[in-house]
Amino acid sequence: MIPSDHFTRFYNEIFKFLESQGEEALEAYWLAISKNQERHILELIQTQGLAGMYEYWSHIKIEENCDMDLDFNEDRLELRMNVCPSLSKVMDNDAAPMERYCDHCAGWIGPIMDKTGYHMVYDVIDRTKPQCVTRIFKDPDKAREAEKDAKLLMGWPGHKVG
């Protein structure tokens, strides 16, 4: 298996290549990742809702050694990535990070949220810093309200912003 520091660098170069082929190629790749990730999270969301998402990302926090805070309550889940290990590894590289590297998270998570009836607000904050905030709501009005506070709101395939 490829080590995680090499994996993120590989991902970065794949994203750059696909972006050079056009937005459709990049979005198709993110949708393929999303479809694959369904094997890991879809049933948890369908059976446990926000609690299932909390369970999933609690494991990811440990597996990926994330400096991440999870805040779960009955109407939303918030993932506050204080230091993203993925972008940090990409930035610690002799090849420049893809400018939109962080979009891959929304690219795979967003379609799953759409499929399960949840509403995601993904705020990258600043593309040059390895941090972001993702808020997931069941209520679309609460999500729209949360979008107003986002510094750099991301879309995903099938969900454009701005």
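Buried means under 20% relative accessible area, exposed means over 50%, and partly exposed lies in between, with a 1.4 Å probe and protein chains only. On this scale Ile-125 is partly exposed, with a relative accessible area of 23%. The model described here is predicted, so local features need pLDDT of at least 70 and side-chain atom pairs count only at pLDDT 80 or more, while totals for chains, interfaces and linings use all residues. Residues are numbered from 1 along each chain as its sequence is written, and side-chain values use heavy atoms, with hydrogens and water left out.

Ile-125 sits in the loop between S3 and S4. Helices (H or I, at least four residues) and strands (E, at least two) are DSSP runs, numbered from the N terminus. The phi of Ile-125 is positive, near 75°, in a residue other than glycine. Most residues other than glycine have a negative phi. Asn-65 also has a positive phi, about 55°, although it is not a glycine. Asn-65 is placed in the loop between H3 and strand S1 (67–73). Asn-65 is exposed, with a relative accessible area of 65%.

Lys-129 is found in the loop between strand S3 (119–123) and strand S4 (132–137). Lys-129 is partly exposed, at a relative accessible area of 42%. Thr-134 lies in strand S4. Thr-134 counts as buried, at 7% relative accessibility. Contact means heavy atoms within 4.5 Å. Leaving aside neighbours within four places in sequence, Thr-134 is in contact with Leu-77, Glu-78, Leu-79, Met-120, Val-121 and Tyr-122.

Helix packing was examined next. Two packed helices are described by the angle between their axes and the distance between the axes. Axes are lines fitted to C-alpha atoms, for helices over the stretch in contact, and angles run from 0 to 180 degrees between N-to-C directions. Helix H3 (residues 50–63) packs with helix H5 (residues 103–116) at an angle of about 160°, and their axes are 14 Å apart. H3 is therefore roughly antiparallel to H5 (under 35 degrees is roughly parallel, over 145 roughly antiparallel, 65 to 115 roughly perpendicular and the rest oblique). In this contact, Met-53, Tyr-56 and Trp-57 of H3 meet Trp-108, Ile-109 and Met-113 of H5. The residues divide into 6 nonpolar, no polar and no charged. Here Ala, Val, Leu, Ile, Met, Phe, Trp, Tyr, Cys and Pro count as nonpolar, Asp, Glu, Lys and Arg as charged, and the others, Gly among them, as polar.

H3 also meets helix H2 (residues 23–48). The axes of H2 and H3 come within 6 Å and cross at roughly 145°. From H2, Gln-37, His-40, Ile-41, Leu-44, Ile-45 and Gln-48 take part; from H3, Leu-50, Ala-51, Gly-52, Met-53, Glu-55, Tyr-56 and Trp-57. The residues of this contact divide into 8 nonpolar, 4 polar and 1 charged.

A search of the whole structure finds 0 disulfides, a disulfide being a pair of cysteine sulfur atoms within 2.5 Å. The sulfur of Cys-66 is 6.9 Å from the closest cysteine sulfur, in Cys-84, which is too far for a bond. For the sulfur of Cys-84, the closest cysteine sulfur is in Cys-105, at 6.1 Å, again too far for a bond. Cys-66 is buried, with a relative accessible area of 9%. Cys-84 counts as buried at 14% relative accessibility.
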